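Please keep the sequence and the 3D view at hand while reading.

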Amino acid sequence: MHPPRFTAEPPSIDPVEPDSIVGDVSGRPSSPASSTDSAPRTYDVIIAGCGPTGATLAAELRLHDVRVLVVEKETEPSSAARIVGLHIRTLELMAMRGLLERILPHGRQRPASAFFAAIPKPAPKGLDSRYAYLLGIPQPVIERLLEEHAVELGAQVRRGRAVTAFEQDDEGVTVELADGERLRSRYLVGCDGGRSSVRKLLGVGFPGEPARTESLMGEMEVGVPPEEIAVKVAEICEAHQRFWLRPAGVGVYSVLVPAAGVSDRAEPPTLDDFKRQLRAIAGTDFGVHSPRWLSRFGDAMRLADRYRVGRVLLAGDAAHIHPPIGGQGLNLGVQDAFNLGWKLAARIRGWAPETLLDTYQAERRPVAEEVLDNTRAQTELLSTESGPQAVRRLLTELMDFDEVNLRLLEKITAIGIRYDFGAGPDLLGRRLRDIDVKQGNLYGLLHHGRGLLLDRTERLTVGGWSDRVDYLADSTAALDVPGVLLRPDGHVAWIGDDQQDLNDHLSRWFGRPAD
Ligand SMILES: Cc1cc2nc3c(=O)[nH]c(=O)nc-3n(C[C@H](O)[C@H](O)[C@H](O)COP(=O)(O)OP(=O)(O)OC[C@H]3O[C@@H](n4cnc5c(N)ncnc54)[C@H](O)[C@@H]3O)c2cc1C
């Protein structure tokens, strides 16, 4: 067995007693009526922010009956109507929780191609996923669907409530809201976006690069034929940074232009702003009309020094920000939530091994570091300087090799992630693709957020871990190893056929067996 190899956090302050806070399992807090009138309402976890990361985390926690409250600063759901792309790993995670069928009708599927610095190459061969496409979906829609899912599972969402202060002690966190109300929870998670109050109050550093430039991005229809656009765009790209006009569906184009000169940063950009910028760059506005969405963003890149201080954690944009080249931010946050949810739940349920919660930062911070890095590279490749342009030409040529194209796509879509679980076969630490099993498909067995032992030998057992780990004996499963242990986030935690070795790994990830 390989010993755990995770970065140690400073000593944890939380010798948590399972279920030490009174309440029911429906996600509702313990009633103030059951304690004194002045006692704050209590929860297991309070999440600041009901964006995609917060909503996903709330749902993941509810799968384990954790009492969750999400407090959201805004009174109404976001109306920033931009289309975001859900990449392959996020689609897989949605399938793992039975959510994909609900989401698909609201989005548009596009080929999994041309993500990296918008270099126009077709999807590579050998993409190892049943969900090998991009789903374009309006951000407010995916946020609504994720929030609805969390609420259906029993999470409470309170809108118009901003977290303004908190204090942590040995047993939990006291959270103060803008209206002065005080709440109590065992953990607090800041999913409150790039300007995260939780991160600032925690005093966690957010080093990186400040915004140097801003861009306008949107989708709209055009009034000139595609061939004319292609010629003009090729000409302009020679001389202008941060510009594109590329097809994004029938008759619709994605447009990126510099924001320089578009004055009021506080106001959302208008179609006229886009027209003006296009005319300044191209001498024509291409007859753009009927915008689907318009947005403005900067190119700041920052990464939190730490993802956890005691009982307070950070996830999503609160922990990392970068420009949306490659469309990875929302995906990264949702994937943080899938990584954190079951670990935090294990802590609260009382079966988490000592170092489990520390693995959240150890696994996810390097992933964010890598996303920032590939975004940096993509941003450079959009420059019109002669050096970056030469590199872009070279890379464009190299991407004709399927392996290169595939490697870059695996980065953007997050299916290439391999967590460091120690030495072992290449599959160890990676996510397992959705495969056929005798009961249908593998991901269909992961809806409840539990671990899974998939046993082709049909002689292994999960023994005393059966309250946390499901078991499937299937000698016909489409897998070329005898057995795999999957964590609730779908990553491969063990491979083999030896029961003792399996038991060691069950302990490592799922704690002590039940008596
Ligand atoms: C133009 C553009 C295009 C993009 N395209 C893509 C794309 O294609 N794919 C992709 O993956 N990503 C994309 N992104 C990035 C994506 O929008 C973000 O990464 C994502 O919204 C982050 O989600 P989050 O939940 O972590 O944070 P947010 O979405 O910022 O949500 C944070 C929430 O916390 C709330 N909040 C803030 N402070 C408090 C507080 N003190 N108390 C309580 N609540 C609080 C906020 O109101 C908000 O609802 C794009 C971004 C832009 C600007």
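In what order do the four strands of the open sheet with mixed pairing stand? The order is β22-β21-β23-β24. This is a predicted model. The chain has twelve helices and 24 strands. The points below go from the whole chain to its sheets, and then to the ligand.

**Overall dimensions**
- The chain has 515 residues and a radius of gyration of 24 Å. A compact globule of that length would have a radius near 24 Å, so the two values agree.
- Along the principal axes, the C-alpha atoms fill a box of roughly 75 × 60 × 40 Å.

**The four-strand sheet**
- In the sheet β22-β21-β23-β24, the pairing is mixed and the sheet is open.
- Its edge strands are β22 (469–473) and β24 (492–495), and each of them pairs on one side only.
- Neighbouring strands of this sheet are turned against each other by 15 degrees on average, with direction ignored.
- β21 (residues 451–455) and β23 (residues 483–486) run antiparallel and are joined by four bridges.
- One of the bridge pairs can be found by residue: D455 has G483 in β23 as its partner.

**The three-strand sheet**
- Three strands make up another open sheet, in the order β10-β15-β18, and the pairing is antiparallel.
- β10 (208–209) and β18 (320–321) stand at the edges with a single partner strand each, so one side of each has no neighbour in the sheet.
- β15 (residues 301–303) pairs with β18 over two bridges, in the antiparallel sense.
- Here R302 stands opposite I321 in β18.

**The β12-β13 hairpin**
- Strands β12 (residues 244–247) and β13 (residues 252–258) pair in the antiparallel sense over four bridges.
- L245 faces its counterpart V255 in β13, standing opposite it.
- Four residues lie between the two strands of this hairpin.
- Which residue in the turn has a positive phi? It is G249, with a phi of about 125 degrees.

**Ligand: polar contacts and cover**
- R82 places a polar side-chain atom 2.9 Å from an oxygen atom of the ligand.
- G85 has a backbone N or O atom 2.8 Å from an oxygen atom of the ligand.
- S197 has a polar side-chain atom 3.3 Å from a nitrogen atom of the ligand.
- How much of the ligand's accessible area does the protein cover? On its own the ligand has 990 Å², and the protein covers 86% of it.

**Ligand: the surrounding shell**
- Of the 29 residues around the ligand, those that come nearest are T53, E72, Q139, L330 and N331.
- By class, the shell holds nine nonpolar, 13 polar and seven charged residues.
- Two or more shell residues come from each of α1 (52–62), β2 (68–72), β3 (83–86), β14 (289–298) and α8 (329–349).
- Which element gives the most to the shell? It is α8, with three residues.

Methods: Residues are numbered from 1 along each chain as its sequence is written. This is a predicted model: local features need pLDDT of at least 70, side-chain atom pairs count only at pLDDT 80 or more; totals for chains, interfaces and linings use all residues. Side-chain values use heavy atoms; hydrogens and water are left out. A residue is near a molecule or strand if one of its heavy atoms lies within 4 Å of it. A polar contact is a pair of N or O atoms within 3.5 Å; within protein, one must be able to donate a hydrogen and the other to accept it, and residues adjacent in sequence count only if both atoms are side-chain atoms. Accessible areas come from the Shrake-Rupley method with a 1.4 Å probe; for residues, only the protein chains shown count as cover. Ala, Val, Leu, Ile, Met, Phe, Trp, Tyr, Cys and Pro count as nonpolar, Asp, Glu, Lys and Arg as charged, and the others, Gly among them, as polar. Two strands pair if DSSP finds at least two bridges between them. Axes are lines fitted to C-alpha atoms, for helices over the stretch in contact, and angles run from 0 to 180 degrees between N-to-C directions. The radius of gyration is taken over C-alpha atoms; the globule rule is 2.2 Å times the number of residues to the power 0.38.
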